[in-house]
Amino acid sequence: MACRSNQELKAFVNEARNCTTFGHIADYIPVLGKARPDDLSIAIYYPDGECVSAGEIEKKFTLQSISKVISLALVLMDRGKEQVFQRVGMEPTGDPFNSIAKLETTAPAKPLNPMINAGALVVTHMIEGEEVENRLQRLLSLIRQMANNPSIQVNEEVARSEFETSQLNRALCYFLRQHKVLDEDVEDLMDLYTKQCAIEMNCLELGRIGMVFAMNGYDPDSKKQLIPEDIARICKTFMVTCGMYNASGEFAIKIGIPAKSGVSGGIMGAVPERFGIGIFGPALDEKGNSIAGIKLLELLSENYQLSMF
Ligand SMILES: NC(=O)CC[C@H](N)C(=O)O
C-alpha cells in the first residue's frame, strides 16, 4: 500500500521542505533563476485515476532533462532500436549531464547514453518531421496524451533564454557534427532542443506521465498503448541507470525507483505497475537534482517500501 491521503503526503512535504535551504536554483539558463527556492510540490497518480497531492501543486515548471525520456520514446517509435542505438549508447557516464569529456576519449564519438546532453541532442535530431515546428508538435502531441492535457505548451521565455545562452550545448552539437553523428543545422537543432526542454506543466501532469511509464506505456484511462511496452521498458531502464545524472547509483540504492530529473527542479518517478510520481522543487543539490524532491522520495520509499530491488 502506498500513500492514499493528501494529509499524509503533506506531512512528508513539510519535512522535506526543510532541506530546500541547502539547495541552489539553477541560473545558467537565466529565466530559471526566477524560481522560488522553497517551493515543493508532489503528486502521486494511480492507474485507477486517483491522485493524491501536496504543496504548491498549481505551480508550473519546464521539463528540461525530463523531456529526454519522452523524446527517446518518440524516436525509438520513429526509427526503431537499431538505428537509434547506432548513434547513441546505453552506458552511464559518471560525469555531469553537460560534460563534453567522454566524447573525445571514446571512439567513435558516440554519446554514451541518451540522458546526457550530448546523447539527448542526438536523439532530438532524430525526431521525424519536415521542420522544427512540425517535429516539436509531434513530441508535444505524445506528451499531451501522456499527461492527459491537450493545452500543454512550450514556455517561450524559458526556451529563448536557453537558446540565447546555450553555448556549451552548441559546442557539443558542432563536435558531434564534425564526427558525423549529427547531420542537421546546429541552430535548427538548438531551436528544437531548447523548446523541447521548455515544455511546461505542473506536478499532477508530470505524475500522470510517470503513471503511463509505470504501466509500461499503457494509458488505462483512454485504454491506449501510447508507447509500445518494449520501448517503455527501455526508457525506464535508462531512468534507473542514468536518470538522476551522476547520482543515479546512490539514488538506486537509497530509493530504488526509476526516475528522471531536470534542472528546473522536476522529478518524474515511475513505480513499476503501481503509480507515477511528479515532483517540483527548484532548489537543487550539487549534482543538479531537486534536493527536497530527493528527500521526499526517500521518505516515500522508506515508508512504503517502494524500492524495486
Ligand atoms: N539537466 C538538465 O535538465 C539539462 C537540460 C537543459 N536544457 C540543458 O541542456 O542544459
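## Salt bridges and buried positions in a predicted model

Glutamate 187 has a relative accessible area of 31% and is therefore partly exposed. The model in which this residue is described is predicted. The side chain of glutamate 187 meets that of arginine 170 in a salt bridge, at 2.8 Å from N to O. This pair joins distant parts of the chain, since glutamate 187 belongs to helix H9 and arginine 170 to helix H8, 17 residues apart. Arginine 170 counts as buried, because its relative accessibility is 10%.

The structure holds 15 salt bridges. Three of them are set out below.

| Salt bridge | N to O distance |
|---|---|
| Glutamate 187 and arginine 170 | 2.8 Å |
| Arginine 135 and glutamate 184 | 2.9 Å |
| Lysine 195 and aspartate 191 | 3.0 Å |

Arginine 135 and glutamate 184 form a salt bridge. The pair links distant parts of the chain: arginine 135 lies in helix H6, glutamate 184 in the loop between H8 and H9, and 49 residues separate them. Arginine 135 is buried, with a relative accessible area of 7%, and glutamate 184 counts as buried at 11% relative accessibility.

Lysine 195 and aspartate 191 are both found in helix H9, four residues apart, or about one turn of the helix. In an α-helix, residues three or four places apart point the same way, because there are 3.6 residues a turn. Lysine 195 is buried at a relative accessible area of 16%, whereas aspartate 191, at 23%, counts as partly exposed. A network of salt bridges also links Arg36, Asp38, Asp39 and Lys59.

Glutamate 131 is situated in the loop between helix H5 (117-125) and helix H6 (132-147), and its relative accessibility of 58% makes it exposed.

Helix H5 is mostly covered, with nine of its nine residues buried. These buried residues pack against helices H2 (67-79), H3 (81-87), H4 (101-105), H6, H8 (167-178) and H9 (186-197).

Two further buried positions complete the account. Glutamine 64 lies in the loop between strand S3 (61-62) and H2, and its relative accessible area of 2% marks it as buried. Beyond its neighbours within four places in sequence, glutamine 64 is in contact with several residues, including Ile29, Val158 and Ser264. Leucine 76 is placed in helix H2 and counts as buried at 3% relative accessibility. Leaving aside neighbours within four places in sequence, leucine 76 touches Lys81, Val84, Phe85, Ile231 and Ile234.

Methods: Residues numbered from 1 in each chain as written. Predicted model: local features only at pLDDT ≥ 70, side-chain atom pairs only at ≥ 80, totals over all residues. Heavy atoms only, no water. Helix = DSSP H or I, 4+ residues; strand = E, 2+ residues; numbered from the N terminus. Buried < 20%, exposed > 50% of the residue type's maximum accessible area, 1.4 Å probe, protein only. Contact = heavy atoms within 4.5 Å. Salt bridge = Lys/Arg side-chain N within 4 Å of Asp/Glu carboxyl O.
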